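Colleague: Could you walk me through how to read a few features of this fold?

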Amino acid sequence: MRTAATRAIQFISIGIFLLMTFAISPASAQSAPTVSGADVYQKRCARCHDEGVSRAPARQVLQTMSAGRILRTLDFGLMMAVAYPMKREERVAVANFLGTPGEDAPPAPKNPCAAGVAPLSAASAPGWAGWSPSASNTRFQSADQAGLNMTQVRRLKLKWAYGFAGDVTSFAAPAILDGTLFIGSAGGLVQALDAKTGCVHWTFQANGPVRAAILPVRKGSSYSLVFGDLIGWVYALDAKSGKLSWKKRLEEHEAARLTGSAVSLDGVVFIPAASWEETRSTDPQYECCTFRGSVTALRVRDGSQVWKSYLVDPPQKTGVNGVGVAQWGPSGAPVWSSPTIDLKRGLLYVTTGDNYSVPATSTSDAVIALNLKTGRIVWTQQALANDAYTSACRTKGVNCPSTNGPDYDFGSSALLVRAPNGKEILVAGQKSGLVHAFDPDAKGKLLWETRVGTGGINGGVQWGMASDGQKVYAAVSDVSAVMNTAGPVGGATFDPVKGGGLTALHLENGAKAWFAASHPCDPPKPGCSPGQSAALALIPGVVFSPSLDGHIRAFSTEDGEMVWDFDTATDFSTVNGVPGKGGSIDGAGPVIVDGMVYVNSGYPRNGGMPGNVLLAFGAE
Ligand code: HEC
């Protein structure tokens, strides 16, 4: 089976992958090393694809698709909800069993850039490199770099739309350098586009979906682009050509996923790791749980490791679950978001998610300061203790740990910001709906804490706040969903009225400055929620907050008055000729550079509206 898999899907180097998995992961060491694609099909697919379930293409139709395409459908396409409990090897086995060997040729772009227009040709143009314009993660763009003011924001119009072929999700964060926009996609295609026109310079096919922002790191006269994908690979590409310099797996664990964007310092990149184990655990046969959150420092030059820091100790067997399957702990404390660099104190801050199993650790739901040079943990400040949770808890499954949540991860970065009183503070928003301020000069001592939402498993504060050094702006998801497991995609019906809201807090003391209420879905439609889960972005005077209802809205930072609103949940004709559709906005959020605002639209995960576009707005 291993050789067959290698033959059929060479592009994911599965041979090495399985070897590493079986040699090292304690969970896998217990399970049989071979998986039959036919068995997986019978167990997980046949009931719909052999039985003529409405809209499900028949098995014969699936057999005309490439194995690579079927695998992506399971990883981040229409079948992602069906595939949640499936391990990597099962996905690969069923994709090979069904599909034609290999991969589809990437579609030739219909809009290549003209011969004279090269990547990075607008040297020293404004930019947004990585998750935030700077490694303090405030997502604040200066007036100079933004090239936009309040008057122009009121007049923003769509300039171009780009469509991600074959995708139903658009969740990747754009990065912009010297006139070129770099962005990943759910299908794993990474593209370099002209930031003003959307013409295509080059594309690169990654092994898995890419949602982390792409980080340019200077290398001689050019740049290396560093990013991770959702199945655990890290890449460095040459920014001008899109050619691969190196790639490697960051973690041997089969369920590793890289969601948080990297940051860099002096030729070293710091890459956080999270995982899929929470959803794997909905399968009672899954040995929950063995993934350990981590941060790894790699040399940009060749990908060699400087240090690696795990945030929980190696898991030990702790017993068996209700159906006799082994249980392991501690586990979890994943890092979902981009680390924050504090040059002055020589520290790298990360925020963590929950534990997946007991015993719970002091490093879950925490802000952790690591030594930049060694990765050693200098201090840990936990916001919530004893939070062990998996998705099995939603259905009272056997892999739900005894603590049963509440699943209040930090999903977003800590912001390092100087308050108007001159004091530097670290501000972090949690899925609990709390915003916390920590003191970087006193081992992260809590300075203040303010509630901005009710919180929940989908947030609370989800993907990111923003700060201009006066206030911190925190939007909340607070989606209210009725779970329904019938549909292949998504799995929830949202309340069209409940959720969302944007709060501005004073940095000195966390007191509320203003609150902008959310907008109920009008009219209510499937997949629509007023939740504001996506990250915010900020320029002087204006804060942008997208919503699961498909709108992107801009608010005055003075009083929260809405100054601009655009509904993306509609069809678009795209510059690259791919049929374009907008939907819920979640994940990355807007990026603002040189008179333009870029935003992704389409997010069916958790039940939102699907879509496949990147939209670029400019003032008339
Ligand atoms: C609960 C029913 C159900 C199960 C179980 C299911 N599917 Fe599907 N599948 C569907 C439906 C319905 C569609 C069509 C969705 C649409 O077009 O909106 C579909 C579509 C697909 C497609 C085409 C996607 C595309 O992008 O066009 C693939 C490939 C696929 N399924 C593979 C699988 C595999 C592999 C499994 C098992 C691991 C599986 N499905 C299990 C219902 C199911």
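This is a predicted model: local features need pLDDT of at least 70, side-chain atom pairs count only at pLDDT 80 or more; totals for chains, interfaces and linings use all residues.

Colleague: Let's start with the helix pair. At what angle do helix α4 and α9 pack?

Modeller: Angles from 65 to 115 degrees count as roughly perpendicular. Helix α4 (residues 37-44) packs on α9 at about 100°, and their axes lie 8 Å apart. The two helices are therefore roughly perpendicular to each other.

Colleague: How many residues of helix α7 are buried?

Modeller: Buried means under 20% relative accessible area. Helix α7 (residues 67-76) is mostly covered, with 9 of its 10 residues buried. Among them are I70, L71, L74 and F76, and also R72 and D75. The cover over these buried residues includes α6 (59-62), α8 (80-83), α9 (88-98) and β5 (200-205).

Colleague: Now a sheet. What is the strand order in the open sheet of 4 strands?

Modeller: For an open sheet, read the order from one side to the other. Here the order is β25-β26-β29-β30, with antiparallel pairing. Strands β25 (466-467) and β30 (512-516) are at the edges with a single partner strand each, so one side of each has no neighbour in the sheet. Inside the order, β26 (residues 471-475) pairs with β29 (residues 502-506) over 5 bridges.

Colleague: Which residues have the most contacts inside the largest nonpolar core?

Modeller: That core has 53 residues, and V153, F544, Y598 and L614 have the most contacts inside it. Strand β39 (residues 613-619) gives the most to this core, namely 5 residues. Beyond four places in sequence, L614 touches residues including W160, F164, L181, I183 and Y598. There is also a second, separate core of 20 residues, which includes L215, I271, A273 and C288.

Colleague: Last one: is A146 buried or exposed?

Modeller: A146, found in helix α10 (residues 143-146), is buried, with a relative accessible area of 0%. Look along the sequence too: A146 and M596 are 450 residues apart, yet their C-alpha atoms are 7.5 Å apart in space. Beyond its sequence neighbours, A146 is in contact with Q141, I539, I592, V593, D594, G595 and M596.

Notes: Residues are numbered from 1 along each chain as its sequence is written. Side-chain values use heavy atoms; hydrogens and water are left out. Two strands pair if DSSP finds at least two bridges between them. A nonpolar core is a set of buried Ala, Val, Leu, Ile, Met, Phe, Trp, Tyr and Cys residues joined through side-chain atoms within 4.5 Å. Buried means under 20% relative accessible area, exposed over 50%, partly exposed in between (1.4 Å probe, protein chains only). Contact means heavy atoms within 4.5 Å. Axes are lines fitted to C-alpha atoms, for helices over the stretch in contact, and angles run from 0 to 180 degrees between N-to-C directions. Angles under 35 degrees count as roughly parallel, over 145 as roughly antiparallel, 65 to 115 as roughly perpendicular and the rest as oblique.
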